[in-house]
Amino acid sequence: MLYRENGQFKSTYRADQQMLPVLQDRVFMLALVAFAFVVVPFFASNYLFLSMLIPFLILALAAIGLNLLVGYCGQISIGHAAFMAVGAYAAYNLVLRVPAMNFLVVLVLAGLIAAAVGMLFGIPSLRIKGLYLAVATLAAQFFIDWIFARVKWFTDYSHSGSVSTAPVELFGWRIDTPAEKYLFLLAVLIVFTVLAKNLVRGHIGRAWMATRDMDVAAEVIGIRPVYAKLSAFAVSSFYCGVAGALWGFIHLGSWEPLAFNLTLSLNLLFMIIIGGMGSILGSYFGAAFIVVLPILLNQIPQWLGVPISTSTASHLEFMIFGALIVLFLIVEPHGLARLWAIGKEKLRLWPFPH
Amino acid sequence: MKRHIPVIALCSVLVVGLFLPLALGLSPPGFWFEVLLGGLMAGVLYSLVALGFVLIFKASGVFNFAQGAMVLFAALAVARLAERMPLWAAILVAIVIMIVLAMVIERVVLRPLVNQEGVALLMATLGVTYFLDGFGQTVWGSDIYAIELGIAREPVMVLDGIFQGGILINRDDVAAAVVAVLLVSVLALFFQKTATGRALRAVADDHQAAQSIGIPLNRIWVIVWSVAGIVAIVAGVIWGGKLGVQFSISLVALKALPVVILGGFTSVPGAIVGGLIIGVGEKMAEVFLGPPLVKAFDLAGGGIENWFAYVLALLFLLVRPEGLFGERHIDRV
């Protein structure tokens, strides 16, 4: 009844091409953003910020990055945490060696460095795909892990190999309370989401999708696979690099050499499988799911009065993730985002069945 | 001929690298030989895991990421069952468990996903990996367990006359090598001489043609996953007997991925040779390449063996994507 596009006529190209063509969608989105910016900081507890909202925002950014590569360009990667590591260590070294640099510039530079490394490891994708590429990206994961654990220069010769950062300062604004971190991350995430959304609507995104759907046909209609694949690797690694820098500086503060290991890579992949491949919104759903599920698994048995040990909970978490991935691949390969879309379709007709 | 040049170059670099420490006199021949043997033994284990990959890939076109998890699961099962019964009985029960597991995987995961593209199946096996890791540790426990193989621990001194000081060999390593050779021979016989083996090869060659002459695909898949499960038991028992059964087996077994890239996805001999190359290569690199690298770049320790296999596989992908023994058929873009 309420969600209908009847009577909303588009009389200009601008109106036709806007990101959310339906008025109700725009209102909903604005309300959501306003809620996230204004209401949440007042009501959320520190626990909620630190254990859920902040990881969620950063992981959503990383998941968008991986989704651009896997979901939109069809190139599988199980080594994307390595590019997050590149971003984090690049940012650490930039801040360390050029202390005067603005943090936003640091973020962008860290992303660019990660993009360069990502392109380097994306080169095999020009010759191979699918399973073979999975192993090539696995090589990136282990090699980059090793580099940051062993080459002392990157960690500023610290003894344990772990690095720590000072709170971020931006134009005199010191970001150190959880609420401030949340607001900063939210702003960054919104900017990058809008960028990604426009990127995949434009000719670059279309080139990626054509390459994904059928690479030979894409080449026939004039898309250079070299550009399409390498640009996907670059943009995707850029996003992950920025996410990695934020993960290190804002979320962790100090981190060990193996903070960005294979498990994180696989978790990123699970986010986009569960959330929905080839969907920006799906990246949000997937990140939320991966962040919330372990916490729920720890909490629910306590509410029910059957406390389980943390190790049992983590094994259960493994089992549930595994089962869900198989389930989603079989039942709904487009993930939670597709369920959302189906819900919207149903809402348009409601309360009528047809 | 021209396309072989980079491969030949890469292989010669490997061979030269193998003998370089000896030629430069960096180590006494006895020590070099011990490193070589240690590498071969590690290689046998990688080969066993890779064998499971190749079997499943050949018969069903599925890239089974879960092989490492299957090894862990099998090893955990044997280790915990052996606490209550003799080892041979534990292994028999574990075989039954792996066959049931194969049936469940075929019914629940593979059959609904039939005709999906390879990447979706790869991700599904990732899901199976996570499930098996969690399930195995919930059912069997997550501590470190030992498997007692009943082989004397103390190493034997051999070749005393040839090398100064002789060479130390572990008896369980020798047993592992013998078992691996036996397993491969039995598998080869099974594939070449039995009706089921012929059906398996037919399915590997062409799914549709095999189906059209009345070979039941579903049953073949169950069989091949069961065989892979049994190979996983062998790998798990040998590995667990050597190093103890623990979660890290699942991670180390990932090394089988570069092994199959090196040897070729569809080749059983490739899995063996690839495993040996990677086993020897990474041990040699760790022992002889590591210290100079650490000194030259002031690194915080070696650990080259963590990535050596993967980077070697990456190089092979660039010059010869089908692997050393694989069929030359690859989608190029």
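This is a predicted model: local features need pLDDT of at least 70, side-chain atom pairs count only at pLDDT 80 or more; totals for chains, interfaces and linings use all residues.
**Exercise 1. How are α2(B) and α11(B) arranged relative to each other?**

Step 1. Find the crossing angle. The axes of α2 (residues 29-60) of chain B and α11(B) cross at roughly 70 degrees. They come within 9 Å.

Step 2. Apply the cut-off. The two helices α2(B) and α11(B) are therefore roughly perpendicular to each other.

Step 3. Locate the contact. On α2(B), the residues are Y46(B), S47(B), V49(B), A50(B), F53(B) and V54(B). They meet A256(B), V259(B), V260(B) and G263(B) of α11(B).

Step 4. Sort by class. This contact of α2(B) with α11(B) has eight nonpolar residues, two polar ones and no charged ones.

**Exercise 2. Repeat the analysis for α11(A) and α14(A): at what angle do their axes cross?**

Step 1. Take helix α11 (residues 262-275) and helix α14 (residues 335-349), both in chain A. Their axes cross at roughly 20 degrees and come within 3 Å.

Step 2. Classify the angle. It makes α11(A) roughly parallel to α14(A).

Step 3. Name the partners. I273(A), I274(A) and G275(A) belong to α11(A), while G335(A), L336(A) and A337(A) belong to α14(A).

Step 4. Sort by class. In the contact of α11(A) with α14(A), four residues are nonpolar, two are polar and none is charged.

**Exercise 3. Is S283(A) buried or exposed?**

Step 1. S283(A) sits in helix α12 of chain A.

Step 2. Count neighbours. A residue is buried if 20 or more other C-beta atoms lie within 10 Å of its own. S283(A) has 31 C-beta neighbours inside 10 Å, so S283(A) counts as buried.

Step 3. List its contacts, leaving aside neighbours within four places in sequence. They are A60(A), A63(A), I64(A), N67(A), M271(A), I272(A) and G275(A).

Step 4. Check a separation. F249(A) is 34 residues from S283(A) along the chain, and their C-alpha atoms are separated by 22 Å.

**Exercise 4. Which residues of α7(A) are buried, and what covers them?**

Step 1. Check the helix length. Helix α7 of chain A covers residues 178-201, which is 24 residues. From first C-alpha to last it reaches 34 Å, close to the 34 Å expected.

Step 2. List the buried residues. In α7(A) they are K181(A), Y182(A), L185(A), L189(A), F192(A), A196(A) and V200(A).

Step 3. Recall helix geometry. An α-helix has 3.6 residues a turn, so residues three or four places apart point the same way.

Step 4. Find the cover. It includes α2, α3, β3, α8, α10 and α12 of chain A.

**Exercise 5. How many residues of chain B are in contact with chain A?**

Step 1. Count. 43 residues of chain B touch 38 residues of chain A.

Step 2. Find the elements. Those giving two or more residues to this side of chain B are α5, α11 and α13 of chain B. The largest share, 17 residues, comes from α5(B).

Step 3. Sort by class. The side of chain B that touches chain A has 29 nonpolar, 10 polar and four charged residues.

Note on methods: Residues are numbered from 1 along each chain as its sequence is written. Chains are lettered from A and ligands numbered from 1 in the order in which they are written. Helices (H or I, at least four residues) and strands (E, at least two) are DSSP runs, numbered from the N terminus. The expected span of a helix is 1.5 Å times one less than its number of residues. A residue is buried if 20 or more other C-beta atoms lie within 10 Å of its own, exposed if 12 or fewer, and partly exposed in between; C-beta atoms are placed from the backbone. Two residues are in contact if their C-beta atoms, placed from the backbone, lie within 7 Å. Axes are lines fitted to C-alpha atoms, for helices over the stretch in contact, and angles run from 0 to 180 degrees between N-to-C directions. Angles under 35 degrees count as roughly parallel, over 145 as roughly antiparallel, 65 to 115 as roughly perpendicular and the rest as oblique. Ala, Val, Leu, Ile, Met, Phe, Trp, Tyr, Cys and Pro count as nonpolar, Asp, Glu, Lys and Arg as charged, and the others, Gly among them, as polar.
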